[in-house]
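Open the model in your viewer and keep the selection panel at hand.

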Amino acid sequence: MYAAEFDYHKASSVAEAIQMLGQYPDAKLLAGGHSLLPMLKMRLANPTALIDIGGISELKGITVNDGTVTIGALTTHQEIAASQDIQNACMVVAEAAEGIGDPQVRNRGTIGGNVVHSDPASDWPTVLTALNARFVIQGPGGITHRATRTVNASDFFKGLFETDLKENEVLTAIEVPRLNSNQLAEYAKMAHPASFYAVVGASVVITVENDRCTAASIAVGGMVPNPIRASSVESALVGQQLNAESVRAAADLVANDLSGSLMGDFYASADYRKAMAAVETRHALMHAIGLAHH
Ligand SMILES: Cc1cc2nc3c(=O)[nH]c(=O)nc-3n(C[C@H](O)[C@H](O)[C@H](O)COP(=O)(O)OP(=O)(O)OC[C@H]3O[C@@H](n4cnc5c(N)ncnc54)[C@H](O)[C@@H]3O)c2cc1C
């Protein structure tokens, strides 16, 4: 199917993109196009105009300082996977990027487009929720909200294909707290065999001191509209020595954290995904503590 007709505009700066969003009501920003173009072709989205932000250099690139990894919204999955800085500061981010789709998707798709699209089967929402990432947003400003604001992952993902992004706002960057040497992080997913989208995904960040878990941040996604923090699993891990038994017992509690909005489809039912949530949570934890390997 062909997309409905639309006008095409190219923005050369974030300020210009914001101005164009105000000028062309109904317009959509175009980044890598790997989620938006399928939506246009299926006529699930019919914007009257596209504003191409693909050439805006201020939205690209990766910087690492003492405590934070800042990833420009327009940075591709492939650039993230290949970044030595990210591998050194937060390996799980590079590994998650490497597991997205195929080379074409990784070379065109951007982290910003991925999170704004907020597909429940995407990997970044789950990984960035466990990492407590922050989302830097720029907009026109005004009475209701500031021109630049930062939103925590737990507030950014609002629901199925829904984020906290307001009208005429652009996501400019994602800030990921750098992992400390006593923190272990992993992401595990049951990938759809055709697209590699997550049927179920689990991301874990655990802090270990004197051989015991002192903090845990665990998010699961793929079977719920937006990622959920698995607080039952987190509480069960804290204070424990991490081994195969304690990890299994904690991961089995994940079902307690899944809301009533479990989703299924013809590929995997909601009940199956619920069962797999425990498996992938355990899988990620076992990787994190070195009892399983990629
Ligand atoms: C075959 C296939 C397999 C895939 N497999 C996976 C997978 O395994 N895991 C996974 O996570 N994803 C997967 N994806 C999705 C892929 O990662 C997409 O590239 C990504 O979701 C969208 O990024 P994009 O840059 O292409 O965004 P676009 O398609 O250009 O935009 C998506 C949406 O975000 C908005 N947008 C884009 N950038 C911004 C911004 N900076 N500020 C505000 N709004 C913005 C657009 O207006 C649009 O609504 C797959 C896609 C395909 C086609």
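This is a predicted model: local features need pLDDT of at least 70, side-chain atom pairs count only at pLDDT 80 or more; totals for chains, interfaces and linings use all residues.

Residues are numbered from 1 along each chain as its sequence is written, and side-chain values use heavy atoms, with hydrogens and water left out.

**Select the domains.** Colour 7-52 as domain 1, 57-177 as domain 2 and 183-288 as domain 3. These bounds come from an automatic or database domain assignment.

**Select the interface.** Here 12 residues of domain 1 are in contact with 15 of domain 2 (heavy atoms within 4.5 Å). About 1,100 Å² is buried between domain 1 and domain 2, and carbon and sulfur atoms give 73% of that area. Buried area is the accessible area (1.4 Å probe) that two parts lose on being put together, summed over both. Now show V14, I18 and H34: they supply 48% of the area that domain 1 buries against domain 2.

**Select the ligand.** Around the ligand are 29 residues, each with a heavy atom within 4 Å of it. L29, G33, H34, L36 and T110 come nearest.

- S35: a backbone N or O atom lies 2.9 Å from a ligand oxygen.
- N114: a side-chain N or O atom is 3.0 Å from a ligand oxygen.
- D123: a side-chain N or O atom is 2.8 Å from a ligand nitrogen.

How values were computed. A polar contact is a pair of N or O atoms within 3.5 Å; within protein, one must be able to donate a hydrogen and the other to accept it, and residues adjacent in sequence count only if both atoms are side-chain atoms.
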